[in-house]
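Please find below a short note on the structure, arranged as numbered points.

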Amino acid sequence: MAFVKTHDISELNQELIGRQVVLGGWIEDLRKLGKMSFITLRDISGLSQVVVKGELNDSLGEINRQSVVSIKGIVQETRARDLAFEIKAEEIEVLGKAIHPLPVDPIGRLESNIDTRLNHRALDMRNQKTASIFKLRHHALQSLRKTLANEKFLEITTPKIIGSASEGGADLFSLEYFGKTAYLAQSPQLYKEQMTIGLERVFEISNFYRAENSHTGRHLTEFTSIDIEAAFMDYEDVMNVLETLVLSVYKDISEKCKTEQEVIKHAIEIPTAPFERVTYTQCVGELKKAGEKIEFGDDLLDSHLRMIGKNHPGFFFLTDWPMRLKPFYIREKDEDATLSRSFDLQHGFLELSSGGTRLHNPEMLRSRLKEQGLDPGQFEDHLKTFDWGMPPHSGWGMGLDRLMATLIGIDNVREVVLYPRDPDRLSP
Ligand code: AMO
């Protein structure tokens, strides 16, 4: 039989009754009952039952479950529970055998721990719960792109191999590049800022790299970031864009992905808006009240964020951080130069995004780099663009993996990443 799949299982309908179709999929179950066999066939769109009788049944040898087959047959009504149609098989071709036993159970009856599933990730995609997570991720990406395009942002792709740090700091992976040292980009920060001089509003959804030796459910060495940068916007404006974006992705997914929510047993609830705005100074006050030893200017530790997250469950913006805690490109507040025009978007204790208004004056940017112990000479390619009519601009970066984990109510970002990379995991 030439392998031509005529229909997905979900496309079977009343009009096809009595007609011949060719399905392609994996054998989820095979029951031999003497003169007859029943195959439960799964493809990406759903499940169907295939009835095998007569000579075809006699010649049906051993086929391991999870083998991939092509089945030609006639569509008919069925008495099988939960199914509308079945196929009366005319030809069955095994296209690829599956070994038995498989290293993880794709039906999910036997639960495997996350490391075992990640070690056999491709097979894990046949588990409906895992497949649903990645369908949700797909729809989330579509929704994010749609909303940002509606807000007049243009999608760009910046280099991932770079000659010097984009964020400063030590979290850089280096690599040998034809006799020179190159780095993997930590973020698109400098490029996205530069793009505002011509494109005004840009966004990027790409992978970035952090050489952080962190072993938590929220840190990866390769993560997907959603970044925006917008000319003529202040940090308040880009916070509003972020809030709109988060609300619309929750709404789109909750409406579009009913089946996936049932499969993962998590109903997506649309968050209440507007998101609360809490300043860093307020947070320090709350922590002091709770007996913590913390002073203005100290960074908020994980334990602090957990306490603050309890006081402010769900989404909230944590704003106006001290300048000394912020990267060189963040602008200070006019009324108090110790405070920055910056924010994080939190979901409870979890940081989903950070951003702010940028310095756009080249002289101020040069002296800021020096203040932070960075060499302006290393940033000349970036700094020169600030002499070409750099508009005031603001932006943020948000971890897609953290957003997805929050959206589906799980703690470990590895569940929402195909092949996660962390200090202990470099393969498959
Ligand atoms: P920041 O370093 O705070 O800001 O990163 C922005 C967001 O990216 C996600 N993120 C991570 N996710 C998983 N694993 C990691 N190791 C990891 N590191 C960061 C987080 C975080 O909130 N250039 C600025 C953004 C800007 O100002 O535009 C930046 O990169 O969700």
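The points below refer to a predicted model.

1. The largest nonpolar core comprises 51 residues, and Ile226 and Trp396 touch the most other members. Helix H6 (residues 235-256) gives the most to this core, contributing 11 residues. Apart from this core lies another, of 20 residues, which includes Val21, Val69, Phe85 and Ile87. As a general remark, nonpolar side chains in soluble globular proteins tend to be buried together.

2. With neighbours within four places in sequence set aside, Ile226 is in contact with Trp396 and also with Leu144, Leu148, Glu204, Ile205, Gly397, Met398, Leu400 and Leu403.

3. The largest pocket has a volume of about 1300 Å³. Its lining consists of 46 residues, of which Arg210, Glu212, Glu351, Ser354 and Arg402 are the closest to the pocket centre. Among the elements that give two or more residues to this lining are strand S11 (222-231), strand S16 (393-399) and helix H12 (400-407). Strand S15 supplies the largest share, 5 residues. By residue type, the lining divides into 17 nonpolar, 14 polar and 15 charged residues.

4. Ala337 is located in the loop between strand S13 (315-319) and S14. Is this residue, Ala337, buried or exposed? Ala337 counts as exposed because its relative accessible area is 57%, and the cut-off for exposed is over 50%. Leaving aside neighbours within four places in sequence, Ala337 is in contact with Met323 and Glu332. Ala337 and Asp298 are separated by 39 residues in sequence and by 16 Å in space, C-alpha to C-alpha.

Note on methods
Residues are numbered from 1 along each chain as its sequence is written. This is a predicted model: local features need pLDDT of at least 70, side-chain atom pairs count only at pLDDT 80 or more; totals for chains, interfaces and linings use all residues. Side-chain values use heavy atoms; hydrogens and water are left out. A nonpolar core is a set of buried Ala, Val, Leu, Ile, Met, Phe, Trp, Tyr and Cys residues joined through side-chain atoms within 4.5 Å. Buried means under 20% relative accessible area, exposed over 50%, partly exposed in between (1.4 Å probe, protein chains only). Helices (H or I, at least four residues) and strands (E, at least two) are DSSP runs, numbered from the N terminus. Contact means heavy atoms within 4.5 Å. On a 1 Å grid over the protein atoms alone, a cavity is a set of points where a 1.4 Å probe fits but cannot get out, and a pocket is an open set with protein on both sides within 12 Å along at least five of seven lines; lining residues have an atom within 4 Å of a point. Grid points are joined across faces, edges and corners, and a volume is the space filled by probe spheres set on the points. Ala, Val, Leu, Ile, Met, Phe, Trp, Tyr, Cys and Pro count as nonpolar, Asp, Glu, Lys and Arg as charged, and the others, Gly among them, as polar.
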